[in-house]
Amino acid sequence: MSDFETFVNQGLVRLEEAHLRRRLRTFQPLPGPRFDTPEGVVVQLSSNDYLGLARHPRVCAAAAEAAATWGAGAGAARLVCGTSPVHEALEQALARFKQAERALTFSSGYATALGVIPAVVGPGDCVVLDRLSHACLVDAARLSGARLRVFRHNDPEDLDRILRWAEGERARGFRKAGTFGGAADQTAGGRVLVVTESVFSMDGDRAPLREIVELKDRHGAWLMVDEAHATGMAGAGRRGVIEELGLEGRVELPMGTLGKALGAAGGFVTGSAALVDFLLNRARTFVFSTAPPAAMAAAAAAAVGVVEGDEGVERVARLKANLAVLHRGLTEAGWALPAPVSPILPLAVGDENAAVRLAAALNDEGFLVPAIRYPTVPRGRARLRVTVSAIHSTDDLVAFQAALKKALFQTGLRPA
Ligand SMILES: *Cc1c(COP(=O)(O)O)cnc(C)c1O
């Protein structure tokens, strides 16, 4: 066997030994939150399609119509000849929805982070991240070449400590050996960007955004907030946690994804016309990547329309009612969970192998709840990540509670 194949196979063996090897499974969608699998029909409690918009008739029809009109692929990057009226309509819809001057979309939330952070900070600057920030935020910060600092999860005091350090250090430009200058060719350096999520993807808890906004203002830093798991749900206008807390206009870089509650695919930032112009020139994942298909843009625009309207109100109300039922069920099954502040309820298990066994037992009972393991979460903090949506029925959730009790009994595991 060649060197390379040996390397690959040994890597797989190591993953297997650590109970960290993952495999793709193909699911046939059935109506509602159900999939057909080779082992039978399962109810998923694992999707981020929180409002059930991925298969909403209006959203799907918009995608089909745009594909028929504009074709399957956009053919080029947006700046070349990849911008269609559909892309413009989506950005206008997002700007209206988020009550911002403009919006800029990317092919994914991941690509949004990877484009935006290195566009605003670089060597000589500093990025301060919440410890549990999503991989795309961490990767983007690394890619920027800025100095990285991490604050304890949701801990404003620790953030304050780091921002005080940064204020002292910024005059010197956060110099590391051999790195000088600031973002791209804007050379001053010394910028500080705080990065957090409003709702954390794996824990479902919320950042203390009011305190974080105060702190970044006090220390002259900027703030990026990833609303991936809040867009479409939190706040009276369903714009996100920034809206709910009355912080609109106080966050330099609010971002979101179109692939979760909005049921399509893509990512976006909102802000001033100048910010959007700046980013469409500087964000490399925007400049050097083929435009998302018009079908995706049209689907996302239709989803924004649904979320903004009365149906958005109804779907969020159903989601919240389902969340209350599920939370009660999980509490009765033995998990001490705080009052839910998002549709994500993490069931702590701890050991990776135990989490996998519990997920398998639930699968046998007809429920799809994947075990979330390292590297998605820290080692020894494996969990089942349960998510609920507006399209679950009360019966689904009651049946899940029974299945969970049975799975716990069969595996001999107990809530951690
Ligand atoms: C899912 C997720 C992303 C990535 O968005 P995609 O559109 O799936 O690429 C970014 N940030 C957070 C917090 C996420 O959960």
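## A surface patch, salt bridges and a ligand site

Together, Phe4, Phe7 and Val8 make up a nonpolar patch on the surface, with about 350 Å² of accessible area. Patches consist of residues with over 30% relative accessible area and no salt bridge; like charges are joined within 9 Å, and nonpolar side chains (Val, Leu, Ile, Met, Phe, Trp, Tyr) within 5 Å. Accessible areas come from the Shrake-Rupley method with a 1.4 Å probe, and for residues only the protein chains shown count as cover. The structure is a predicted model, in which local features need pLDDT of at least 70 and side-chain atom pairs count only at pLDDT 80 or more, while totals for chains, interfaces and linings use all residues. Residues are numbered from 1 along each chain as its sequence is written, and side-chain values use heavy atoms, with hydrogens and water left out.

Val8 belongs to helix α1 (residues 3–17). Helices (H or I, at least four residues) and strands (E, at least two) are DSSP runs, numbered from the N terminus. The relative accessible area of Val8 is 36%, so Val8 is partly exposed. Buried means under 20% relative accessible area, exposed means over 50%, and partly exposed lies in between (1.4 Å probe, protein chains only).

### Salt bridges

The structure contains 24 salt bridges. A salt bridge is a side-chain nitrogen of Lys or Arg within 4 Å of a carboxyl oxygen of Asp or Glu. The table lists examples.

| Pair | Distance between the closest N and O atoms |
|---|---|
| Asp155 and Arg152 | 3.2 Å |
| Arg383 and Asp203 | 3.0 Å |
| Glu214 and Arg250 | 3.7 Å |

Arg383 and Asp203 form a salt bridge. Arg383 lies in strand β14 (residues 382–387) and Asp203 in the loop between β7 (192–197) and α8 (209–218), so the pair ties together parts that are 180 residues apart in sequence. Both Arg383 and Asp203 are buried.

Glu214 and Arg250 also form a salt bridge. This pair links distant parts of the chain, 36 residues apart: Glu214 is in helix α8, and Arg250 is in the loop between α9 (241–244) and β9 (253–257). Glu214 is partly exposed, with a relative accessible area of 44%, and Arg250 is partly exposed as well, at 33%.

Salt bridges link Glu214, Lys216, Asp217, Arg250 and Glu252 in a network. Within it, Lys216 is placed in helix α8 and is buried, at 2% relative accessibility. The side chain of Lys216 reaches the backbone oxygen of Arg250 at 2.8 Å. Such a polar contact is a pair of N or O atoms within 3.5 Å; within protein, one must be able to donate a hydrogen and the other to accept it, and residues adjacent in sequence count only if both atoms are side-chain atoms.

### The ligand site

There are 13 residues around the ligand, and Gly109, Asp226, His229, Thr257 and Lys260 come nearest. A residue is near a molecule if one of its heavy atoms lies within 4 Å of it. By class, this shell has 3 nonpolar, 7 polar and 3 charged residues. Ala, Val, Leu, Ile, Met, Phe, Trp, Tyr, Cys and Pro count as nonpolar, Asp, Glu, Lys and Arg as charged, and the others, Gly among them, as polar.

A backbone N or O atom of Tyr110 is 2.9 Å from an oxygen atom of the ligand. A side-chain N or O atom of Thr257 lies 2.7 Å from a ligand oxygen atom, and a polar side-chain atom of Lys260 lies 2.7 Å from an oxygen atom of the ligand. On its own, the ligand has 380 Å² of accessible area, of which the protein covers 83%.
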